[in-house]
Amino acid sequence: MSFQLSITDKLGFKQKLTKSWPHSPWVCRVGSSELGVAHPVLSLGWARMEWRTGPSTRRTISSGAGKRNRESRRPPRDGDGDDDETGAGEEASKEGDRLATPMAAPPPQQPQGGQGAGGGWAPEQFWSLLDKADRRFARVRDLPLFGRHEPDAFGKAFRAYTQLWRMQQEHRHRLLDAGLRRWQVGEIAARIAHLYYAQYQRTADTALLSEAFVFYHAVLDRAYFLDADHLAPAKHLRFLARFLLVALLLSRRSDTVPRLAADIRALLDDSKKTFQEAEYKEWKHVVQEIARFLRADSAFMNMRPLRYSYAFDPPPDTLPTVPPTIKKRGLILSDSLLCSYYHNEVKFTDVTIDVFRMLQCLEWEPCGSFALNNGYSAHDESGQNQPNLLKDLRDAALPPNPLKTVLYRPSVTHFLTVLATKCEELPSNGMMLIYLSASGEVGPSGFCPDTSEKIVNSFSKFDISSSSRTSSNEDNEPCLWLGCRETEGSNCVYPCDLIPFTRRPLFLVIDSSVSYAFKAASIHGAERGETIAMLLSPSSRSSNAGFSGDSTRHSGSQFTMFLTAPLQAFCFLIGNNGTDIDKDAYNKAEELLSMSLNEWATTLVASSSLHPVWVEVLGDPLLRRLLLRFIFCRATHSLFKLTHHKAEFLPTCMPPLPESVDAESMLSQSCVMRVASFFGAANQFSFAELTTWPDADAEDAFVTNSSSSANKEAEPETARDPNTTHSSTSF
């Protein structure tokens, strides 16, 4: 079968791509020439495509900002035809500086005087518009990033920068003569990228994240800031740090992330003499944070996308569903609030490694069904300057990502303010996810023991609490410690604080040493209308792979890792750091894990004792995946010899799940056995004698000398359990 794509790109060029499905590569035809898809003229930010499967079949695909924002983000259609890249001499430096006009705002109205034709245009108009755009950008930067209603300031800022960008495109030569510098053009592009990223934070639309990457990468690739004598090094470092965060969220690990990390280190070393001592130490600390973050977010952790990917996760329409006789409300995950704080935890800027993983886990891989049978690769980074069709094409059939708000070390009043706002705006068929990852250890008055640690909170104006204690009983009540504050009230969130919000459907994930407090009657059974679904972490962590302790966590939380990257968490638990696992072996292990998760799902939907709240959870693919991975985590810890029959190492959930998926049921043992045998780690688990072992051929077993030695070091006392009938030779 032959397919044809007709593309109108950002620059206004119409092009055709043909492909003989499914084996031949895409071919781009521009005029009479055939080019590969890596031709720099292609940019899919506003691509409008016509997919032809025959003479009478045509399908139109838009790869812009998605259905939610598609109508309000039409690209300007005039003034872009002069954006030609020659790649040589002065023409390359001038023409190559031009990007397409930002798509985030509607086409601006022509100002009086006719700027398009150049008749009455004067450079003073550009400088006046630049001042106005800067003022609007400052207003947007100070706005809170939560709430479903988009402030007018966002649209005004986008329109101002759209006009500004088009003006510098159309009048570049006159502006250069009037004193425009390359670093100023780069600063405009960087602010456009920042606006895209801020809008992504509000809407969770990954198309906006991709647009931010395009503008950030253009600034870096065209070296706008390289010869900027007037640009402060701190400003350049902030640009690189923001770009690095966007690249990490888009999993651009093979080239862009290492390049940015190296550029930040080099720029800081070169600019050491220009910094004051305190400022230099702050940036030195940022460089150390980046190094720790990249070690935690290793290549093994990126073997597959953390987002819901059709290449690894089952398409939603193929998932087993509950019988039609069971009443369902059809709730979907529409909002989430993510908050994490541990002393000295792995983080970059205000994004901790746990929130970083959970944030991506609650999103859809944009390519959706296009990833099926198309050679999808999580490591393909061909789309930096050019599109990667399989990763940049957006599947219009995908549902929108749930809105997400990330809070780092908030005051309790600010946390409750954001939570109340999101619950108030929750749709009638929506469910709210609350993720809290924090320590339960606090001082006697709820304040940080180390009072020298300060917090700069952008929303301190919301903090109206008093530092006085309202009840002496709170001293002994378990709570989550959100950070260090001296004069801004309590630092702790108590389980009872969440009770007023149980009037709306909530899905609560608690990763803390005091998670058991949320299981007690203080919240469970005290709901105000909706039964809350809770996934609670163990109160203690296994000592394997550096998971023990809250103060020095080198890889992030074990429980959160099981929810977001379960196969990697399983490998770390058995003492395998993944260095000896190649792509083929990993994909095979993913298939085995998916088989186990599907068996648990089939058993759950067929159970007659399934609580109604879990029925609703199973109806949403993102929440369903979290629940199934929780079952895998619970079964793994229950059967792991070092944590076997030790309640403090076992995660729990409320309401209880059916006994058919219990941690030590025959089904759970068989599912864990399937994955453990593949890695040659079955001897690290305590299986019952009557367990039905999964069928497999000997050549499918993945047993290496390094993993065997790692297993022996991790558990020297794990001689063959007399109650275990399985051996590595029987697999």
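In the predicted model, the largest nonpolar core comprises 152 residues, of which Phe 507, Trp 614 and Phe 679 touch the most other members. When neighbours within four places in sequence are set aside, the contacts of Trp 614 include Phe 507 itself, together with Ala 533, Met 534, Leu 535 and Leu 627. Trp 614 is also in contact with Cys 653, Met 654, Pro 655, Pro 656 and Leu 657. Another core, of 31 residues, lies apart from the largest one; Leu 407, Leu 482, Ile 510 and Ile 532 are among its members. In soluble globular proteins, nonpolar side chains tend to be buried together.

Strand β7 (residues 332-341) is largely enclosed by the rest of the structure, because nine of its 10 residues are buried. Strand β7 pairs in the parallel sense with strand β11 (residues 430-438) over nine bridges, and Leu 338 has Tyr 435 of β11 as its bridge partner. A parallel pairing over five bridges also joins β7 to strand β10 (residues 403-407); here the bridge partner of Ser 336 is Lys 404.

The mean pLDDT of the protein is 74, and 66% of the residues score at least 70. Where pLDDT is low, the predicted coordinates should not be read in detail.

Technical notes: Residues are numbered from 1 along each chain as its sequence is written. This is a predicted model: local features need pLDDT of at least 70, side-chain atom pairs count only at pLDDT 80 or more; totals for chains, interfaces and linings use all residues. Side-chain values use heavy atoms; hydrogens and water are left out. Buried means under 20% relative accessible area, exposed over 50%, partly exposed in between (1.4 Å probe, protein chains only). Helices (H or I, at least four residues) and strands (E, at least two) are DSSP runs, numbered from the N terminus. Two strands pair if DSSP finds at least two bridges between them. pLDDT is the predictor's confidence in each residue, from 0 to 100. A nonpolar core is a set of buried Ala, Val, Leu, Ile, Met, Phe, Trp, Tyr and Cys residues joined through side-chain atoms within 4.5 Å. Contact means heavy atoms within 4.5 Å.
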